[in-house]
2 protein chains.
Amino acid sequence: MIGVDDVRAAAARLAGIAHRTPVVTSRTLDERAGATVFLKCENMQRMGAFKFRGAYNRIAQMTQEERERGIVAFSSGNHAQGVALAAKLLGARATIVMPSDAPASKLAATRGYGAEVVEYERARSHREEIAQSLCDERGATLVPPFDDERIIAGAGTAALELLDEAGNLDAIVTPVGGGGLLSGTAVAVHGVDEHIAIYGVEPETGDDVRQSLERGQVVRIPVPQTIADGLQTQAPSPLTFDIMRAHGVRVVVVSDNDLRAAMRFAFERLKLVVEPSGAAGFAALLSGALNLAGKRVGVVISGGNVDAERYAALIAIT
Amino acid sequence: MIGVDDVRAAAARLAGIAHRTPVVTSRTLDERAGATVFLKCENMQRMGAFKFRGAYNRIAQMTQEERERGIVAFSSGNHAQGVALAAKLLGARATIVMPSDAPASKLAATRGYGAEVVEYERARSHREEIAQSLCDERGATLVPPFDDERIIAGAGTAALELLDEAGNLDAIVTPVGGGGLLSGTAVAVHGVDEHIAIYGVEPETGDDVRQSLERGQVVRIPVPQTIADGLQTQAPSPLTFDIMRAHGVRVVVVSDNDLRAAMRFAFERLKLVVEPSGAAGFAALLSGALNLAGKRVGVVISGGNVDAERYAALIAIT
């Protein structure tokens, strides 16, 4: 199992490449949560999400020959852009398999980073098969969104920066989809201080990680219906599950209304654009789903990629 | 005339009270501007704008007796909230004269900081007269939005932090309304390095400061029609004019479309909520109105207070 040294090695690879994103505070948030909260703004990371860290750390460890044969990823979200940008910076050919009904802005952004986009129709074909056949044809390497120790170690580097800036913390909270960010955070944080509690926040309709940790085995659920498009995973991987379990991670859930309220809070009070998934961590503190009164709490805001039209609808008062 | 020591004294008063706001960078902005740009995020300041700095520095220098007699300000914008919050923190009674058709959110925010709001009808009465009669009745002190050396020195503290974080700069750019931020910035910056060029950016329909500097005297214009509601001043004050002139400040203008494009850029790329006035500085770099190719440039993002509905309309692609 990976340790904090792997995260530190990832941090060294990312130095001067990834943004060292700001850590911000809000007295209003502190009053609402009854806690002292430090927000790590990975929505301000390159390509708009923490995903760049893991993708870069993964591709940086490929040989020149592997990079020339290329990499393949499938994603309709931030992983696509993270891989595309990291590949461009590291001189690797990237092919991203994306659904043809993905938002035009995400298709354009991925192509904008120089990646080849292979579109598929969700109803007619499976992206895993398309990606695998591309790998077989080309001898390319599949870069998964979270089921990879180098991806996980890269994701954990945000927590190291947060600890460095905020000083002693009692708890760290992150959104959890497949568990890459949360398991990387646990590894990083417990390598520095094993007494810090680690919390993940899922949408209530997509509590696969909570169920998995409660039952002591990976539980697969149907595709969750939620506005948090980055947290629609159906199950953690055995790798992320084992790490989260070993580190005693606890998971709470929030509703879509909690996520919208948190996005509005970020708009009005923090002046930060946060995507629905990215708001899950502090949504749990604002809604009371997670009560850490009296504690010093670090929260990762994981991403800020959302179309203007959708954003306007989500932050509107209804 | 005030000097950098006044700004340093203001910074000492604000230490631990005002946020030390983040300085962020964007490779895309650098490519578009051909420069190395450092953005000082005063939209993330307390109450959402740099105005808090000046208001606090002004009220902190009042005696306890003066604070008890109270302060009066007139503003439909960020100055209202800045004064209200600073007064609350310093135990002063605040009365803010605001038009009855001001956005409900701004009236509510000002009251939320504990200030008394006196509403008036724009068509029927003059806010200066109302404010003056309140001062006369109560023995209260009028706190103006920019025509005050302590307000100007407070505003300049943002530039000191920016220089401290960004290192050597060739130029600094800020929005300019009445000239409080720009003159405070000039005083602060030239107290550190007199070779740094100082630029202000105005809406093209509201170029009172540009005209004033060109003619060598204060020029008054009709109320400008622009989306930059914080930059609708009709003239600099003799005080801010003299400082800007003495420091060789240069002014360029941007269109409302340039401001909207900059707000969208901040939304999409920086994940920052910026109000129209707040975007003027980097709008000039993005639009080409200000060409600082090859230079290291600091830009103050001055505020982020904008209603959700208006924001949605402004960042929409049209």
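Mentor: Met47(B) is buried, at a relative accessible area of 8%. Buried means under 20% relative accessible area; exposed is over 50%, and partly exposed lies in between, with a 1.4 Å probe and protein chains only. This is a predicted model, in which local features need pLDDT of at least 70 and side-chain atom pairs count only at pLDDT 80 or more, while totals for chains, interfaces and linings use all residues. Residues are numbered from 1 along each chain as its sequence is written, chains are lettered from A and ligands numbered from 1 in the order in which they are written, and side-chain values use heavy atoms, with hydrogens and water left out.

Look at the backbone of Met47(B). Its phi is near 60°, a positive value in a residue other than glycine. Most residues other than glycine have a negative phi. Met47(B) sits in the loop between β2 (36–41) and α3 of chain B. Helices (H or I, at least four residues) and strands (E, at least two) are DSSP runs, numbered from the N terminus. Now turn to chain A. Met47(A) is not a glycine, yet has a positive phi of about 55°. Met47(A) lies in the loop between β2 and α3 (51–59) of chain A. Met47(A) is buried too, with a relative accessible area of 7%.

Next, the two chains. Chain B superposes on chain A by a rotation of 180° with 0.0 Å of shift along the axis, at RMSD 0.0 Å. The two copies are thus related as by a two-fold rotation axis. Both copies use the same surface: 100% of the contact residues of chain B recur in chain A. The superposition is by least squares on the C-alpha atoms of residues with pLDDT of at least 70 in both copies. Contact means heavy atoms within 4.5 Å.

In chain A, six strands form an open sheet with mixed pairing, in the order β1-β2-β10-β7-β8-β9. β1 (23–24) and β9 (250–254) of chain A stand at the edges with a single partner strand each, so one side of each has no neighbour in the sheet. Two strands pair if DSSP finds at least two bridges between them. Strand β2 (residues 36–41) and strand β10 (residues 296–301) of chain A pair in the parallel sense over six bridges. Within that pairing, Thr36(A) has Arg296(A) as its bridge partner in β10(A).

Now the core. The largest nonpolar core has 90 residues, and those with the most contacts inside it are Leu272, Phe282 and Tyr311 of chain A and Leu272(B), Phe282(B) and Tyr311(B). Apart from it lies another core of 34 residues, including Phe50(B) and Leu160(B). A nonpolar core is a set of buried Ala, Val, Leu, Ile, Met, Phe, Trp, Tyr and Cys residues joined through side-chain atoms within 4.5 Å. Leave aside residues up to four places away in sequence, and Tyr311(A) touches residues of both chains, among them Phe267(A), Phe267(B) and Tyr311(B). Tyr311(A) is buried, with a relative accessible area of 0%. Phe267(A) is buried at 3%.

The rings come next. Rings of Phe, Tyr and Trp (its six-membered ring) pair if their centres lie within 6.5 Å; planes under 30 degrees apart are stacked, over 60 edge-to-face, and the rest tilted. Ring pairs link Phe267(A), Tyr311(A), Phe267(B) and Tyr311(B) into a cluster. Over all chains there are seven aromatic pairs. Phe267(A) and Tyr311(A) form an edge-to-face pair, 6.4 Å centre to centre with 65° between the planes. Phe267(A) is in helix α12 (residues 256–270) and Tyr311(A) in helix α14 (residues 308–315) of chain A, so the pair ties together parts 44 residues apart in sequence. The Phe52(B) and Tyr56(B) rings have centres 5.6 Å apart and planes at 50°, so this pair is tilted. Phe52(B) and Tyr56(B) are four residues apart in helix α3 (residues 51–59) of chain B, about one helical turn. Both are buried.

Last, the cysteines. Over all chains there are zero disulfides, a disulfide being a pair of cysteine sulfur atoms within 2.5 Å. The closest cysteine sulfur to that of Cys41(B) is in Cys41(A), 9.7 Å away and too far for a bond. Cys41(B) is buried at 0% relative accessible area.
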